[in-house]
Amino acid sequence: MSDLKSLEHPTLKVPYEVLNKKFRTTQKTLDREVSHFQNAVQEFERDISSDVAMTDTSHISSLLSGMVEKLKVLKRKADEGINDELQAGMVCKKRLEHLKEHNSPCEAIVKNWRRRRLDRMLVEYFLRCGYYNSANKLANNSDLNDLTNIDLFMISKEVEHSLANHETSKCLAWCHDNRSKLRKLRSTMEFNLRIQEFIELVRQDKRLDAVRHARKYISTFEDTRMDEVQQCMVLLAFPTDTGLHSSISILHYSFYKISISERRGLKMKKMYFYKKLRIKLNI
């Protein structure tokens, strides 16, 4: 029984973390929208207390329209947040009901639970190995979409595809969304992405843009990763027609190759992949 609890811990932990994240995101969004509405109310109260403003009915009408619009935005985002939380809560409920079947007195139910559990493990294995199409087909055929973490892995797939197209924006957005937990894990992913963007600018001989990029994003890592920062800054001192240019091209090629080549035993894709698992599974 203890082994079962250990194996099935992520089955409940992941949707709970998703629900918790959706709740915190909705709370921040609503707090921001409420603040916007309160500012609009204060502006309205300040203007109607002015005798000069009272003579300008069009201005007062504009303020009222702005308040109504902000209330509509607040209501829409509240509805969206509640719906997201309800969906995440339903996933938690379905997984709890699924795990309860293990203790059913009916042997047929237990046998069916074991079969579905095996299918779940296969789906998770396919996802971890990058076999997304196989995982999708098995999950759909066995009705396991709510019992597996396929949605989270699809996000990983999108990031991998964007990196394969030499784009870093989606991966950086993911890093921003999970910055606090990545910091706890002492992840260097964001730093590596910023360095790659710098190398790309140097490779394209956009040196002023590279300097601006370094000042804005890389300077924040000077205290912890000074050696790597200094090595990259050396690239600015050499023209692109020297032998060092070929080294820059190799760095440029290798970064994206690492990002999409898990089969070849390279790292970047695994770095993103397993950092995400550690965050979602809390391991």
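Arg76 is partly exposed, at 43% relative accessibility. Here buried means under 20% relative accessible area, exposed means over 50%, and partly exposed lies in between, with a 1.4 Å probe and protein chains only. Its salt-bridge partner is Glu80, with N and O 3.4 Å apart. A salt bridge is a side-chain nitrogen of Lys or Arg within 4 Å of a carboxyl oxygen of Asp or Glu.

This is a predicted model: local features need pLDDT of at least 70, side-chain atom pairs count only at pLDDT 80 or more, and totals for chains, interfaces and linings use all residues. Residues are numbered from 1 along each chain as its sequence is written, and side-chain values use heavy atoms, leaving out hydrogens and water.

**Overall build**

- The protein has 13 helices and zero strands. Helices (H or I, at least four residues) and strands (E, at least two) are DSSP runs, numbered from the N terminus.
- Buried residues account for 35% of the 283 residues.
- Of the contacts with a separation of 6 or more, 65% join residues 24 or more positions apart. Contact means heavy atoms within 4.5 Å.

**Salt bridges**

- The count comes to 13 salt bridges.
- Arg120 pairs with Glu8, and their closest N and O atoms are 2.8 Å apart. Arg120 lies in helix H4 (residues 107-129) and Glu8 in helix H1, so this pair ties together parts that are 112 residues apart in sequence.
- Both Arg120 and Glu8 are buried.
- Glu80 and Arg76 sit four residues apart in helix H3, about one helical turn. Glu80 is partly exposed, at 41% relative accessibility.
- Arg225 and Glu228 also form a salt bridge, at 2.7 Å from N to O. Arg225 is partly exposed at 22% relative accessibility, and Glu228 is partly exposed with a relative accessible area of 28%.
- Salt bridges with shared partners join Glu8, Arg117 and Arg120 into one network.

- Arg95 lies in helix H3 (residues 57-100).
- Arg95 is buried but has no salt bridge; Glu124, the nearest side chain of opposite charge, is 5.9 Å away. For charge, Lys and Arg count as positive and Asp and Glu as negative, while His and the chain ends are not counted.
- Beyond residues up to four places away in sequence, Arg95 touches several others, including Pro10, Leu12, Asp146 and Asn149.
- Leu99 is placed in helix H3 as well. Leu99 is buried, with a relative accessible area of 18%.
- The C-alpha atoms of Leu99 and Glu8 are 8.3 Å apart, although 91 residues separate them along the chain.
- Setting aside neighbours within four places in sequence, Leu99 is in contact with Glu8, Thr11, Leu12, Trp113 and Arg120.

**Nonpolar cores**

- The largest nonpolar core has 13 residues, and Phe191, Ile195, Phe198, Val202, Ala210 and Ile218 have the most contacts inside it. Such a core is a set of buried Ala, Val, Leu, Ile, Met, Phe, Trp, Tyr and Cys residues joined through side-chain atoms within 4.5 Å.
- Helices H9 (189-203), H10 (207-218) and H11 (226-233) each supply at least two residues of this core. The largest share, six residues, comes from H9.
- A second, separate core has 11 residues, among them Leu127, Leu138, Leu144 and Ile150.

**Largest pocket**

- The largest pocket has a volume of about 770 Å³.
- Its lining holds 32 residues, and Val18, Lys21, Lys22, Leu152 and Ile155 lie nearest the centre.
- Helix H1 (2-48), H3, helix H6 (150-164), helix H7 (169-177) and helix H13 (268-281) each give at least two residues to this lining.
- On a 1 Å grid over the protein atoms alone, a pocket is an open set of points where a 1.4 Å probe fits, with protein on both sides within 12 Å along at least five of seven lines; lining residues have an atom within 4 Å of a point. Grid points are joined across faces, edges and corners, and the volume is the space filled by probe spheres set on the points.

**Positive phi in loops**

- Asp143 has a phi near 55 degrees, a positive value in a residue other than glycine. Asp143 lies in the loop between helix H5 (132-141) and H6, and is exposed with a relative accessible area of 56%.
- Asp205 has a phi near 60 degrees, also positive in a residue other than glycine. Asp205 is in the loop between H9 and H10, and counts as partly exposed at 44% relative accessibility.
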